[in-house]
Amino acid sequence: KAASAFENASTNPADYGLAFYFCAYTFQSWNSLNFMTEELKSPTTTLPRGGMLGVTAVTISYLLANVSYLMLFSVTGIIESKTIAMESGYLAFGRVGELIMCFGLLVSILGCFGGGMLCTPA
């Protein structure tokens, strides 16, 4: 019998609210893009192009990440993992893969902070 992904799931509504908050926080930088239209030379072409390219790049990276997780782990392994990206990096490339995942996370965080600092005054 396959393990259920919801077997030990929380029933506390506050936990779901917190999870939603973190998901909304990750998309904050897309909202900040709208504040940058004054800074763009040609916002009518650049803004939609940047939005479409950004959404496409993120979608492809998420799909590739999930495919790699499914290739490297069983369903039970995915459910039990606390840091699936770090573990998959380690399984694929050893300690270097783990460091690459850490660096990718750092770049993502710094990019979000940089966008926030650039757009918050606007």
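**Helix α6 and its contacts in the predicted model**

The structure described here is a predicted model. Helix α5 spans residues 84–93, and α6 covers residues 95–119. The two helices pack with their axes 6 Å apart, at an angle of about 145°. The crossing of α5 past α6 is right-handed.

Side chains of opposite charge can pair when their charged atoms come close. Both partners belong to helix α6, where a spacing of three residues places them about one turn of the helix apart. One salt bridge is found in a search of the whole structure. Arg95 is classed as exposed because its relative accessibility of 52% lies over the 50% cut-off.

A nonpolar patch is also present on the surface, formed by Phe103, Leu105, Leu106, Val107, Ile109, Leu110, Phe113 and Met117. Together, these residues present about 840 Å² of accessible area. Among them, Leu105 is located in helix α6. Leu105 has a relative accessible area of 53% and is therefore exposed, the threshold being over 50%.

Notes: Residues are numbered from 1 along each chain as its sequence is written. This is a predicted model: local features need pLDDT of at least 70, side-chain atom pairs count only at pLDDT 80 or more; totals for chains, interfaces and linings use all residues. Side-chain values use heavy atoms; hydrogens and water are left out. Patches are made of residues with over 30% relative accessible area and no salt bridge: like charges are joined within 9 Å, nonpolar side chains (Val, Leu, Ile, Met, Phe, Trp, Tyr) within 5 Å. Accessible areas come from the Shrake-Rupley method with a 1.4 Å probe; for residues, only the protein chains shown count as cover. A salt bridge is a side-chain nitrogen of Lys or Arg within 4 Å of a carboxyl oxygen of Asp or Glu. Helices (H or I, at least four residues) and strands (E, at least two) are DSSP runs, numbered from the N terminus. Buried means under 20% relative accessible area, exposed over 50%, partly exposed in between (1.4 Å probe, protein chains only). Axes are lines fitted to C-alpha atoms, for helices over the stretch in contact, and angles run from 0 to 180 degrees between N-to-C directions. A crossing is left-handed if the near helix is turned anticlockwise from the far one by less than a right angle, and right-handed if clockwise.
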